[in-house]
Amino acid sequence: LTAAAVGDHQPPTTTSDALGAYTGGATIHLTATDAGTAGVSRTWFSLDGREWVDGNEVDVGPPTSGTRAHTLQFYSVDHALNTEAVHTVGFTVQSVDTTAPVTTASFTPAAGAAFRASQPVSLLASDASGIQGTYYSVDGAAFAQGTSFTVSGDGLHSFRYYSVDNVGNTETIHVSNTFRIDTVAPVTTCSAVAGTTYTGNQTFTLSASDTNGAGVA
């Protein structure tokens, strides 16, 4: 022992700057001081119960997905061999999310399909970091935030939708096929003249028309 270490019976004190949660990896610094005369010799740490390492900086990489919890233990020894009690801190590290959300629609019309009633649509989005918002537009209107809407009114329609996750990744806009809503029945006429009496076999012609575009089936 050095002269400075003689008579020093106080262990060092080690602190960490660990936070409770990190995203994309963590770097934790350990700072040791010694109130006695011996001075700090070494600082040791163990991450998640693994072997003890001599050092003052702990680097923890992110998981491949989701969030992982970690436990860090550390202590220091001074030149008089006074050993500090082990400290323990816990923290989590979240993966870096670079993947856009995935949104699906409950209604996916075939190209050129026709329907005789308004069509409700529900949107469901999923993402590892959570969904900040889901947005939709009907027939080229401005996008509105929401997860459900109804397409109504006779004529041709289409809709668009996308989602944004909690770290700002934006999904490519989905565009539905164009489809038709036709709530008006066809009109059929007959070549027979009302009130007329016919003799013998007769051939009558039925003519149907549909003004709302779905066409006569």
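**Exercise 1: A charged pair**

In this predicted model, Arg 42 has a relative accessible area of 44% and is therefore partly exposed.

Task: Determine how many salt bridges the structure holds, and which side chains meet there.

Solution. 
1. The structure contains 1 salt bridge.
2. Its partners are the side chains of Asp 54 and Arg 42, with an N to O distance of 3.5 Å.
3. Asp 54 belongs to strand 5 (residues 53-54) and Arg 42 to strand 4 (residues 40-47), so the pair ties together parts that are 12 residues apart in sequence.
4. Asp 54 has 40% relative accessibility and therefore counts as partly exposed.

**Exercise 2: The partners of strand 16**

Task: State which strands pair with strand 16, and in which sense.

Solution. 
1. Strand 12 (residues 131-138) pairs with strand 16 in the antiparallel sense over 7 bridges. Within this pairing, Gly 133 stands opposite Val 164.
2. Strand 17 (residues 174-175) also pairs with strand 16 in the antiparallel sense, over 2 bridges. Here Arg 160 is opposite Val 175 of strand 17.
3. As to cover, 6 of the 7 residues of strand 16 (residues 159-165) are buried.

**Exercise 3: A nonpolar patch**

Solution. 
1. Together with Phe 143 and Val 175, Ile 173 forms a nonpolar surface patch with about 250 Å² of accessible area in total.

Note on methods: Residues are numbered from 1 along each chain as its sequence is written. This is a predicted model: local features need pLDDT of at least 70, side-chain atom pairs count only at pLDDT 80 or more; totals for chains, interfaces and linings use all residues. Side-chain values use heavy atoms; hydrogens and water are left out. Buried means under 20% relative accessible area, exposed over 50%, partly exposed in between (1.4 Å probe, protein chains only). Helices (H or I, at least four residues) and strands (E, at least two) are DSSP runs, numbered from the N terminus. Two strands pair if DSSP finds at least two bridges between them. Patches are made of residues with over 30% relative accessible area and no salt bridge: like charges are joined within 9 Å, nonpolar side chains (Val, Leu, Ile, Met, Phe, Trp, Tyr) within 5 Å. Accessible areas come from the Shrake-Rupley method with a 1.4 Å probe; for residues, only the protein chains shown count as cover. A salt bridge is a side-chain nitrogen of Lys or Arg within 4 Å of a carboxyl oxygen of Asp or Glu.
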